[in-house]
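Hi,

Here is the structure I promised to pass on. Have a look at it first, and then read my notes below.

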Amino acid sequence: HRCNRQYAISVNSATQGLIFAIRATTPEGSAVLIPAVSFAATLNAPLQALRRPVICDTDFTGLLDLDSMQSSLKHSGVGTVMYVNLYGNCVDYDRLRLYTEFFNDNLVVIEDAAQSFGASYRGRPSGSMGDISVLSFDPTKNFNNYGSGGMVLTDDLDLADAITNLKDNGKVSGHTDSGTNSKMSEEDCAHMLIKLQYFDSWQQRREQIAQYYMDRLFAYVDLVGPAVDVQSAWHKFVIRSRDRTWLQHRLKDRGI
């Protein structure tokens, strides 16, 4: 409901959700375009799904570089674009869709929203963009549980059935297809239903803290913030430094 999706399938982890999303949408032999900067699961997912990853450059915000993507789409046999809303920010989705539809309107778009639950692009919530979106409920995330967990979101009933089949040992197809056992515990789900009631107030506090940092740091370091049309989930507050090790030591010396 929050992500304006028709179907939601819980899974044991967002990593498995990405693997299932690729297997359900991307034919064998087809490549998956992914950004060069991300968590390891973004690369592991196509490898585990036995699909070929194609690495695309990222822009100064750490998100998929849409200009570089054009070249990748022309030459690499890409059937799926899996972009990542890194740090809780969102990609320019209108421009992304313009490029993917221009090169091939059959291209599948997977939104890796593991870090961006609560973010939005032009008022459109993360989790609603692409053919499939994948959320993470890992303990490190904004909306988290005490173990692992994730969710695959889509508006396509056939894709929802395919994902459910993959996560539950092929039961949807009467076991004529293979699958695995990928579920969340009832206890984790119960905790998260309660947490969801408080999520908006927690996000407001995150935004206040982020703004506090931005007001005081912008003159000293290079900040990696959201684009104008993006409301960030602020999963990470990221700065860019030319001398990372020196900065780490200086902060550590001061107890930060």
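V81 has V109 as its bridge partner in strand 5. Strand 4 (78-84) and strand 5 (108-112) pair in the parallel sense, over 5 bridges. On pairing: two strands count as a pair if DSSP finds at least two bridges between them. Helices (H or I, at least four residues) and strands (E, at least two) are DSSP runs, numbered from the N terminus.

Before you go further, please keep in mind that this is a predicted model, where local features need pLDDT of at least 70 and side-chain atom pairs count only at pLDDT 80 or more, while totals for chains, interfaces and linings use all residues. Residues are numbered from 1 along each chain as its sequence is written, and side-chain values use heavy atoms, with hydrogens and water left out.

Is strand 4 buried or exposed? Of its 7 residues, 7 are buried, so strand 4 is largely enclosed by the rest of the structure. Here buried means under 20% relative accessible area, exposed means over 50%, and partly exposed is in between (1.4 Å probe, protein chains only).

Now find helix 2 (residues 40-48), where the buried residues are A41, T42, A45 and P46. These cover an arc of only 130° around the axis, which puts them on the same side of helix 2. Helix 2 is followed by L50, which has a positive phi, near 60°.

Next stop, N89. You'll find N89 in the loop between strand 4 and helix 4 (93-103). N89 is buried, at a relative accessible area of 4%. Which residues is N89 in contact with, leaving aside its neighbours within four places in sequence? They are L63, S116, V224, G225, P226, V230 and S232, where contact means heavy atoms within 4.5 Å. With S232 there is also a polar contact of 2.8 Å between the side chains. A polar contact is a pair of N or O atoms within 3.5 Å; within protein, one must be able to donate a hydrogen and the other to accept it, and residues adjacent in sequence count only if both atoms are side-chain atoms.

On to the charged pairs. Side chains of opposite charge can pair when their charged atoms come close. How many salt bridges does a search of the whole structure find? There are 8, a salt bridge being a side-chain nitrogen of Lys or Arg within 4 Å of a carboxyl oxygen of Asp or Glu. Three of them are worth a look:

- R5 and D155 form a salt bridge, with their closest N and O atoms 3.1 Å apart. R5 lies in the segment before strand 1 (7-11) and D155 in the loop between strand 9 (150-154) and helix 5 (157-167), so this pair ties together parts that are 150 residues apart in sequence. R5 is buried at 11% relative accessible area, whereas D155 is partly exposed at 41%.
- D229 and R122 meet in a salt bridge of 3.2 Å, N to O. D229 sits in the loop between strand 10 (222-224) and strand 11 (230-231), and R122 in the loop between strand 6 (120-121) and strand 7 (124-125), so parts 107 residues apart in sequence are tied together. D229 is partly exposed at 35%, while R122 is exposed at 54%.
- R240 and D222 meet in a salt bridge of 2.6 Å, N to O. This pair links distant parts of the chain, with R240 in strand 12 (residues 238-240) and D222 in strand 10, 18 residues apart. R240, at 35% relative accessibility, is partly exposed, and D222, at 38%, is partly exposed. Shared partners also join the salt bridges of D94, R122 and D229 into one network.

Last, the cysteines. The count of disulfides (pairs of cysteine sulfur atoms within 2.5 Å) comes to 0. C90 is in no disulfide, and the nearest cysteine sulfur, that of C3, is 11 Å away. C90 is buried, with a relative accessible area of 4%. What about C189? Its sulfur is 15 Å from the closest cysteine sulfur, in C3, which is too far for a bond. C189 is partly exposed, at 26%.

Cheers

Definitions and conventions
The arc is that of the directions from the helix axis to the C-beta atoms.
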